[in-house]
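I opened the model to look up a few local features. My entries follow the structure.

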Amino acid sequence: MKKRVTLTFPKRSVHMPVTYRLAKDFNVAANIIRAQVAPNQIGKLVVELSGDIDQLDAAIDWMRSQDIGVSASSREIVIDETSCVHCGLCTGVCPTEALSLDPISWRLTFARSRCIVCEQCIATCPVQAISTNL
Ligand code: SF4
Ligand code: SF4
């Protein structure tokens, strides 16, 4: 299963090879969606974790034992269906194919479960129909 979480690192853990430890010790893959880490400062990562549910929970427990804050990421993409003109431009930049045009109706479809909130689609929309909830 997959979980999107925000990790907050204390100063002492900023340089910890967390993604390596998650893969090696828990068989959990971490896809970094957004990073905000500067030397000697608190760092933040938004990551999508993939793995077995028990191992995901164990990995999260381990990160918390290392004083790494783990919180569910609630930021989501919102599409204003009244503004969308179904031009399809946003589908060209979506790395997960969460956005696609229905081959029959040629209307935009959004598969929320595939969206990793990379936000690349937002800037491509000519009518500003895409935004985030936060
Ligand atoms: S935020 Fe990223 S993954 Fe989600 S729909 Fe937009 S481009 Fe696709
Ligand atoms: S780029 Fe904007 S108008 Fe075009 S299909 Fe995507 S959301 Fe709709």
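**Domains and conventions**

I looked up the domain centres first: those of domain 1 and domain 2, taken over C-alpha atoms, are 28 Å apart. Domain 1 covers 2–72 and domain 2 covers 77–132; the bounds come from an automatic or database domain assignment.

I note that this is a predicted model, where local features need pLDDT of at least 70, side-chain atom pairs count only at pLDDT 80 or more, and totals for chains, interfaces and linings use all residues. Residues are numbered from 1 along each chain as its sequence is written, while chains are lettered from A and ligands numbered from 1 in the order in which they are written.

**Helix pair**

I checked α1 (residues 18–26) against α2 (residues 53–65): their axes come within 10 Å and cross at roughly 135 degrees. Helices (H or I, at least four residues) and strands (E, at least two) are DSSP runs, numbered from the N terminus. Axes are lines fitted to C-alpha atoms, for helices over the stretch in contact, and angles run from 0 to 180 degrees between N-to-C directions. The two helices are therefore oblique to each other, since angles under 35 degrees count as roughly parallel, over 145 as roughly antiparallel, 65 to 115 as roughly perpendicular and the rest as oblique.

Which residues make the contact? I found Val18, Leu22 and Phe26 on α1, and Gln55, Ala58, Ala59 and Met63 on α2. Contact requires C-beta atoms, placed from the backbone, to lie within 7 Å.

**Ser50**

I then located Ser50 in strand β3 (residues 43–50). Leaving aside neighbours within four places in sequence, Ser50 is in contact with Lys2, Val28 and Ala29. Lys2 is 48 residues away from Ser50 along the chain, yet their C-alpha atoms are separated by 4.5 Å. Ser50 is partly exposed, because 15 other C-beta atoms lie within 10 Å. The cut-offs are 20 or more other C-beta atoms within 10 Å for buried, 12 or fewer for exposed, and partly exposed in between, with C-beta atoms placed from the backbone.

**Positive phi**

Glu97 has a positive phi near 60 degrees and is found in the loop between β5 (77–79) and β6 (99–101). Is Glu97 buried or exposed? I logged Glu97 as exposed, because it has 10 C-beta neighbours inside 10 Å.

Glu119 also has a positive phi, of about 70 degrees. I placed Glu119 in the loop between β7 (108–110) and β8 (130–132). Glu119 counts as partly exposed, with 15 C-beta neighbours inside 10 Å.

Methods. Two residues are in contact if their C-beta atoms, placed from the backbone, lie within 7 Å.
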